[in-house]
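The stops below are given in the order in which they may be selected.

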Amino acid sequence: MAKMIIFDPAMCCATGVCGPSIDPELLRVSTVINNLTKNGIAVERHNLTNNPQIFVENQTVNQLLKEGVEVLPVTMVDGKVVKTKAYPTNEEFAEFLNIPEDYLNSTTEPESKGCCCEGGCC
């Protein structure tokens, strides 16, 4: 299985919900990664603010950062850069990881409403 690593720009959190306004792109990426994890696919994600050392240790990212931090986010798959300056689209996540797009959807079953009939509507 392909291994994806995303190197995020400096930010306070990966979801984008704690800034002055919600960033819908960060929320989408966080949701996609959460759904991938539920489907058994791990995606590493590193934030420049919280883990700068990994940016220094990764020679490829370190080299890219010499062009400026505008290159972030950087997405790598199996050690190769597949996208810079933007997060992968949902289609790209599926393509880069060689998985069906269904894996991007939540696998969480709807909560039971506590009754015994199918669909919880009795």
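Begin with N47, a residue of strand β2, in what is a predicted model. N47 counts as buried because its relative accessibility is 8%, below the 20% limit for that class. Display its side chain together with the backbone of T49: a polar atom of the N47 side chain lies 2.8 Å from the backbone nitrogen of T49. Next, show the residues around N47. Leaving aside residues up to four places away in sequence, N47 touches D8, P9, A10, M11, C12 and C13, as well as P52 and F55.

**Salt bridges**

One of the residues just selected, D8, leads to the next stop. Which residue meets the side chain of D8 in a salt bridge? The partner is R45, with an N to O distance of 2.7 Å. Because D8 lies in strand β1 and R45 in strand β2, the pair ties together parts that are 37 residues apart in sequence. Both residues, D8 and R45, are buried.

Remain on strand β2 and select E44, together with K3. Their side chains form a salt bridge at 3.1 Å, N to O. This pair also links distant parts of the chain: E44 belongs to β2 (residues 43-47), K3 to the segment before β1 (4-8), and 41 residues separate them. Are these two residues buried, exposed or partly exposed? E44 is partly exposed, its relative accessible area being 30%, and K3 is likewise partly exposed, at 44%.

For a further bridge, select E92 and K83, whose side chains meet at 2.6 Å, N to O. K83 is classed as buried because its relative accessible area is 18%, and the class extends to values under 20%. The structure holds four salt bridges, among them the pairs D8 and R45, E44 and K3, and E92 and K83.

**Helix α1**

Now select residues 24-38, which form helix α1. The helix has 15 residues and spans 21 Å from its first C-alpha to its last, close to the 21 Å expected at 1.5 Å a residue. At its start, a side-chain oxygen of D23 comes within 2.9 Å of the backbone nitrogen of E25. Colour the buried residues of α1: L26, V29, S30, V32, I33, N35 and L36. What covers these buried residues? The covering elements include β1, β2 and α4 (90-97). Just after α1, inspect the backbone of G40, which takes a positive phi of about 85 degrees.

**The β3 and β4 hairpin**

Move to strands β3 (residues 74-77) and β4 (residues 80-84), which pair in the antiparallel sense over four bridges. Select V77 and follow its bridge to K80 in β4. The two strands form a hairpin with two residues between them. In the turn, D78 has a positive phi of about 50 degrees.

**Helix α4**

The last stop is helix α4, listed above among the elements covering the buried residues of α1. Its own buried residues are F93, A94, F96 and L97. Finish at N98, which follows α4 and has a positive phi near 55 degrees.

Methods. Residues are numbered from 1 along each chain as its sequence is written. This is a predicted model: local features need pLDDT of at least 70, side-chain atom pairs count only at pLDDT 80 or more; totals for chains, interfaces and linings use all residues. Side-chain values use heavy atoms; hydrogens and water are left out. Buried means under 20% relative accessible area, exposed over 50%, partly exposed in between (1.4 Å probe, protein chains only). A polar contact is a pair of N or O atoms within 3.5 Å; within protein, one must be able to donate a hydrogen and the other to accept it, and residues adjacent in sequence count only if both atoms are side-chain atoms. Contact means heavy atoms within 4.5 Å. The expected span of a helix is 1.5 Å times one less than its number of residues. Two strands pair if DSSP finds at least two bridges between them.
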